[in-house]
Amino acid sequence: MKRTNYAGLIDEKYLDQTVTLQGWVQKRRDLGGLIFVDLRDREGIVQLAFSNEFGEEALKVAEDMRTEYVIEIVGDVKSRGEGAVNEHLHSGKIEVHVTSAKILSASKTTPFYIEDDINVSDELRLKYRYLDLRRPEMQRNLRIRSKITAATHEFLDANGFIDIETPYLAKSTPEGARDYLVPSRVYPGSFYALPQSPQLFKQLLMGAGFDRYYQVARAFRDEDLRGDRQPEFTQLDVEMSFMNQDEIMDLVSDWVAAIMKRTVNYYLDKATIPVLDYADSMRRFGTDKPDMRFGMELQDLSALMADAEFGVFANAIKNGGEVKAIVVPGGANHYSRKDIDKMAQYVTRFGAKGLAWLKVGDEGVSGPIAKFLKAKEAALLETTNAKSGDLLLFAADNANVVAATLDALRRRTAQELELIDENNWAFAWVVNWPLFDYQPEEDRWIAAHHPFTMPNEEDLPLLATTEGAHQAHAQSYDLVLNGYELGSGSIRIHQMDVQEKMLAALGFTKEAAHEAFGFLLEGMEYGFPPMGGIALGLDRLAMLLAGQDNIREVIAFPKNSKATEPMTEAPTPVAKAQVIGDLKLTAPVYADVTAPNMAEE
């Protein structure tokens, strides 16, 4: 029968009407001759009442109903009895007196309750993801995600953008994370790569004259997983021609404001979004994605501590490093010596060799290093503006270690002391990035964004030498929200000679550059326009707007921390015939083959 409406939307407007509803049994309560059933669908819950008075056959059917049975009912909408109203439900003022009922599908006992705030492992939830997705919280999360893409289509369509798909099977190119590779059956020994982003294709689309492109694009990166990363993810990808950096940032701010209005009914005034220079962000917060919902900015104490009696500080500065600190308000009373020792262990993951600290009291400072800083105490308190009850946490090392250590401590202590307004949306633009970033563990320079980022105009002469190029800054702009990078964007290189110099600074010979990116370089010889764009992470944005701390909570079928999918058990071995077909490949490894040399097969 045709459903009248979703169960969760039945309310007083339907009083004394006959309705047909379908959904799942959330709960059944048998009071002897009177059975109440909570019927659930994606919009919520409505209470059903069964008795001989309403329908004798329907009551018999209700006696067989159990949790998660799929049912269909016909009944009359009536007001609930006095004192029985449930203010927490949209349908809480009515109930449906069922006149006929049918069980459409039975259910086994589920491995966990279909309700919010369940206390079960993530692995169990992922194994039975189709059950997990029935929970109201998960349904809300995915609807927020849907609203984001709906707002994106609506806004970008209205602003002259064209939705264009780019290939999933593409050429593997160097730089960035590891590719997922797909073997070609037709061309043995050759591979497609799943795209890490549509970057090159969208630049080619600009060269083709589509001056405003967008795509809700799937991307794939074979990298270690974190709470805000998955091997496959979705980007809200845009590119546009003949616009400068300020114009692009202005348009993207309007787009994000449209998303915020549509999803969480929040008015974002783009004029209030601060624009931070990259160097300023690193100096003040120790990170290029600062959480600006609270203070506790990093304070540079290098000049003050250059001649300190505390050797750790003095030696760090002597060796070209720095000493910085954060003031944790109320931290002296909150954290014990044991708590701070745990913090010291925590920061070793960021390269710190230890954690120096001081507690501020009415009589001055105390702690393991207080005696070494007695001569500096007054100046230290004046410089940091630390008050009685505050905790000072120090880092002394090279700039990278100091930044990473204090950024981590700043976030951790703010969370633990509940200094963050969870209802606040703190956006920021971070601009003027270095063009290159040195990776000491790999002893090489990489592109801070990607190899197609345009340097600042005044830095173009620096590309004449490799050493000079590494000092250049980029026409780049990252959008940050509550300490997460929402999107990374830049003006792109559109001239072949500039692109060749950029690749040379990354260590490419001219031949290697054309081998990897020849199609793009050749395209630039046919007149490419100035262009720029950005890609917003849909999963990460949905996670933040849904109030979650892991992107798995806003992805229908995500991978776990080991990059496997417990429900389908992917990835799985496959039969040799699926890979080889009728071709002879050399020495691959297959699930059902143990021979070391496939050429002998």
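Author: Start with Gly-489. Leaving aside neighbours within four places in sequence, Gly-489 is in contact with His-449, Ser-476, Tyr-477, Asp-478, Gly-533 and Ile-534. Contact here means heavy atoms within 4.5 Å. This is a predicted model, in which local features need pLDDT of at least 70 and side-chain atom pairs count only at pLDDT 80 or more, while totals for chains, interfaces and linings use all residues. Residues are numbered from 1 along each chain as its sequence is written, and side-chain values use heavy atoms, with hydrogens and water left out.

Gly-489 is found in strand β21, residues 484-492. Strands (E, at least two residues) and helices (H or I, at least four) are DSSP runs, numbered from the N terminus. Why is Gly-489 called buried? Its relative accessible area is 1%, and buried means under 20%, exposed over 50%, and partly exposed in between (1.4 Å probe, protein chains only). The C-alpha atom of Gly-489 is 21 Å from that of Leu-194, a residue 295 places away along the chain.

Among the contacts of Gly-489 is Asp-478. Asp-478 in β20 is the bridge partner of Val-430. Strand β20 (residues 476-481) runs antiparallel to β17, and five bridges join them. Two strands pair if DSSP finds at least two bridges between them. β17 has another partner, β11 (residues 275-277), which pairs with β17 in the parallel sense over three bridges. There, Val-275 stands opposite Trp-429.

How covered is β17? Five of the five residues in this strand (427-431) are buried. One side carries Phe-427, Trp-429 and Val-431, the other Ala-428 and Val-430, and both faces are covered.

Glu-95 lies in strand β5, residues 94-105. Glu-95 is buried yet has no salt bridge. A salt bridge needs a side-chain nitrogen of Lys or Arg within 4 Å of a carboxyl oxygen of Asp or Glu. Lys and Arg count as positive, Asp and Glu as negative; His and the chain ends are not counted. The nearest side chain of opposite charge to Glu-95 is Arg-80, at 4.9 Å.

Glu-95 does make polar contacts. Its side chain joins that of Gln-47 at 2.8 Å and that of His-97 at 2.9 Å. A polar contact is a pair of N or O atoms within 3.5 Å; within protein, one must be able to donate a hydrogen and the other to accept it, and residues adjacent in sequence count only if both atoms are side-chain atoms. Setting aside residues within four places in sequence, the contacts of Glu-95 include Phe-36, Ala-49, Asp-76, Val-77 and Lys-78.

Elsewhere, charges do pair. Side chains of opposite charge can pair when their charged atoms come close. The whole structure holds 41 salt bridges. One of them links Glu-232 and Arg-218, with the closest N and O atoms 2.8 Å apart. Glu-232 sits in strand β10 and Arg-218 in strand β9, so this pair ties together parts that are 14 residues apart in sequence. Both are partly exposed: Glu-232 at 24%, Arg-218 at 25%.

Next comes Arg-135 with Asp-116, a salt bridge of 3.7 Å, N to O. These two are 19 residues apart: Arg-135 is in the loop between α3 (129-132) and α4 (136-158), Asp-116 in the loop between β5 and α2 (122-127). Arg-135 is buried at 2% relative accessible area, whereas Asp-116 is partly exposed at 24%. Both belong to a network of salt bridges that also includes Asp-122, Arg-125, Arg-129 and Glu-553.

Finish in the loop between β9 (212-220) and β10 (232-241), where Arg-221 lies. Asp-222 is found in that loop as well. UniProt, in an unreviewed entry, places the feature "binding site" at positions including Arg-221 and Asp-222. UniProt positions follow the numbering used here, feature names are shortened, and annotations may be inferred rather than shown by experiment. Arg-221 is partly exposed at 26%, and Asp-222 is partly exposed at 27%. Not counting residues up to four places away in sequence, Asp-222 touches Arg-178, Asp-179 and Tyr-180. With those places likewise left out, Arg-221 touches residues including Arg-178, Tyr-180 and Phe-233.
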